[in-house]
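Let's take a look at some ring pairs, a pocket and a helix. Keep the structure open while you read.

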Amino acid sequence: MDIAPVVPETFIADNVVMVSITLKGLAKFMVATPAQQRKILRDYKYPKEEGQAMAQYYKEARDVIYSFHKNKHPKEWLATKIEGLRQLASGVGGGSGRRLQHNARAIEQYGAHFADRNFEVLGDIDVSVNVEGVRLKINPDLHVSEGGKEKIVKLEFANAEPSGAVTKIVCQGMFDAAAQSGHKVTPGCVLYLDVPRGMEHRGARQGSRMKGEVEAACKNIVSMWPSI
């Protein structure tokens with residue numbers, strides 16, 4: 001696996017140094033204890049190679065799921081991909097083998113829970129936004145049309161079930177960012193698919209309260225960043 005060079009997660013925009021984190025990273029920060037918050041920010045400010053690798057941990061699963069919907073493959077096609085990954089995993093062994101096994105498991109779970117969704121794949125989008133000096137990186141896993149409605153989709157593959165607070169923050173963040181970028185999506189068209197459990201979470205109109213909480217969290221991140 002190719003891993004991007006390790007660089008601090010900051011960049012310059014309009015001559016202002018900004019912090020750059022993922023939307024899910026922000027959600028975890030917002031529900032974390034103070035000590036956990038510092039650990040989260042430290043991992044973003046001083047990324048390690050294993051962290052870069054974890055970000056790509058489910059690359060094979062995401063690629064297969066994208067191709068499945070894009071090319072309208074039958075469900076049996078997923079089975080061939082699962083078997084191929086498992087055979088490759090048995091030959092590789094070690095940590096790489098375990099990662100491939102987990103990707104095979106993720107595809108199998110997706111096939112069981114979501115393969116019947118009639119997703120028409122649209123072009124890739126990046127709806128990243130700047131909030132109070134923080135660059136929130138938001139790249140939906142799928143950008144699709146379903147039933148004539150544009151939808152953006154986040155895929156969750158982790159064995160640990162995401163908390164309700166995290167899913168609400170992620171859905172709200174994706175909706176606000178998509179709307180700001182000019183996409184005509186309703187909150188209900190923002191989907192967080194919890195693949196292992198076969199659960200679909202949708203966005204909801206959280207109002208100004210959630211927006212204010214996100215802005216306050218971003219201000220807190222900017223104030224903490226220099227001391228991390």
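## Rings, a pocket and a helix

Tyr57, Tyr58 and Phe157 form one aromatic cluster. Bear in mind that this is a predicted model, where local features need pLDDT of at least 70 and side-chain atom pairs count only at pLDDT 80 or more, while totals for chains, interfaces and linings use all residues. Residues are numbered from 1 along each chain as its sequence is written, and side-chain values use heavy atoms, with hydrogens and water left out.

A pair of aromatic rings is described by the distance of the centres and the angle of the planes. Rings of Phe, Tyr and Trp (its six-membered ring) pair if their centres lie within 6.5 Å; planes under 30 degrees apart are stacked, over 60 edge-to-face, and the rest tilted. By this rule there are three aromatic pairs. Here are two of them:

| Pair | Centre to centre | Angle between planes | Type |
|---|---|---|---|
| Tyr58 and Phe157 | 5.0 Å | 35° | tilted |
| Tyr110 and Phe114 | 5.6 Å | 45° | tilted |

Which parts of the chain does the pair of Tyr58 and Phe157 link? Tyr58 sits in the loop between α3 (49–55) and α4 (59–70), and Phe157 in the loop between β7 (149–156) and α7 (164–180), 99 residues apart. (Helices, H or I with at least four residues, and strands, E with at least two, are DSSP runs numbered from the N terminus.) Both Tyr58 and Phe157 are buried, meaning under 20% relative accessible area with a 1.4 Å probe, protein chains only; exposed is over 50% and partly exposed is in between.

Tyr110 and Phe114 are four residues apart in helix α6 (residues 94–114), so about one helical turn separates them. Tyr110 counts as buried because its relative accessibility is 0%, and Phe114 counts as buried at 4%.

Now for α7 itself. Its 17 residues should span 24 Å at 1.5 Å a residue, and its end C-alpha atoms are 24 Å apart, which agrees. (The expected span is 1.5 Å times one less than the number of residues.) Buried residues in α7 include Val166, Ile169, Met174 and Phe175. Just after α7, Gly182 takes a positive phi of about 95°.

The helix α7 also gives the second largest pocket the largest share of its lining, six residues. A pocket is an open set of points on a 1 Å grid over the protein atoms alone, with protein on both sides within 12 Å along at least five of seven lines; lining residues have an atom within 4 Å of a point. Of the 16 residues lining this pocket, Val129, Val131, Asp176, Lys211 and Val214 lie nearest its centre.

Methods: 1 Å grid on protein atoms, 1.4 Å probe; cavity = no way out; pocket = protein on both sides within 12 Å on 5 of 7 lines; lining within 4 Å.
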